[in-house]
Amino acid sequence: MENIKIVRILIKDYMALDDNHCYIYNNKILMPEDKGLFVVLGIVSNEIIGNNLKYSRTDEALYPSTSTSFATTYSVDVFSYDTSARERQYEVINCLGSFESLQSQEQNSYSIARIPTSFTDLSNWEASKILNRYRATFKVFHKKEIEKVAKYYDKLGGFRTIVND
């Protein structure tokens with residue numbers, strides 16, 4: 001499962017929200033018309049910090065393994081038409097630093113680099129809607145790895161040598 005989906009489920013469960021109130025940005029989910037609390041996760045940037053090629057060998061085959069390491073910056077927006085966003089924004093920080101979060105990071109091979117230390121108040125963007133909106137960003141380190149069986153020289157294709165007697 002994608003790491004942002006894992007973090008979303010973690011926050012959703014920790015804050016006791018349903019799927020309509022905790023979702024991933026750009027998944028075409030329409031915001032319900034209630035005044036409750038909403039938490040939206042998004043990806044701000046995806047920085048590649050390493051790329052590696054390793055080999056492992058058995059008697060039967062050679063296995064090249066390529067991996068790419070990422071530092072992905074996530075944003076988490078907490079907003080509501082009532083005061084619950086202002087009152088409950090700290091729960092996101094508590095969730096990211098919780099025991100459940102540490103277990104999830106270990107089980108799913110990702111790492112939250114640094115828990116955010118502040119939220120930015122973005123309420124003024126909403127003008128007449130009078131929406132309370134707060135945003136925090138944090139980095140997640142993770143790796144994607146692909147391993148395949150290497151083809152031997154006689155299976156690669158391309159040029160062939162023909163010998164005429």
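## S111 and strand β4

S111 sits in strand β4, which covers residues 110–112; strands here are DSSP runs of E with at least two residues, helices are runs of H or I with at least four, and both are numbered from the N terminus. The model is a predicted one, in which local features need pLDDT of at least 70 and side-chain atom pairs count only at pLDDT 80 or more, while totals for chains, interfaces and linings use all residues. Residues are numbered from 1 along each chain as its sequence is written, and side-chain values use heavy atoms, with hydrogens and water left out.

With a relative accessible area of 30%, S111 is partly exposed. That class lies between buried (under 20% relative accessible area) and exposed (over 50%), using a 1.4 Å probe and protein chains only. Setting aside residues up to four places away in sequence, S111 touches Q105, K139, V140 and F141, where a contact means heavy atoms within 4.5 Å.

For I115 and G97, the sequence separation is 18 residues and the C-alpha to C-alpha distance is 6.7 Å.

## How α1 meets α4

Now for a helix pair. Helix α1 (residues 3–14) packs with helix α4 (residues 99–108) at an angle of about 160°, and their axes are 11 Å apart. The axes are lines fitted to C-alpha atoms over the stretch in contact, and the angles run from 0 to 180 degrees between N-to-C directions. α1 and α4 are therefore roughly antiparallel to each other, a label given to angles over 145 degrees, with under 35 counted as roughly parallel, 65 to 115 as roughly perpendicular and the rest as oblique. Their crossing is right-handed, meaning that the near helix is turned clockwise from the far one by less than a right angle.

Which residues make the contact? On the α1 side they are N3, I6, L10 and Y14, and on the α4 side E100, S101, S104 and N108. By type, this contact has three nonpolar, four polar and one charged residue. In this scheme Ala, Val, Leu, Ile, Met, Phe, Trp, Tyr, Cys and Pro are nonpolar, Asp, Glu, Lys and Arg are charged, and the others, Gly among them, are polar.

## Two positive phi values

A16 has phi near 55°, a positive value in a residue other than glycine. A16 is placed in the loop between α1 and β1 (22–24) and is exposed, with a relative accessible area of 68%.

S109 also has a positive phi, near 55°, and is likewise not a glycine. S109 is located in the loop between α4 and β4, and its relative accessible area of 57% makes it exposed.

## The whole protein

Stepping back, the protein has four helices and six strands, arranged from the N terminus as α-β-β-β-α-α-α-β-β-β. Of its 165 residues, 38% are buried. Among contacts with a separation of 6 or more, 65% come from residues 24 or more positions apart.

The accessible surface is about 11200 Å², and carbon and sulfur atoms hold 51% of it; such areas come from the Shrake-Rupley method with a 1.4 Å probe, and for residues only the protein chains shown count as cover.
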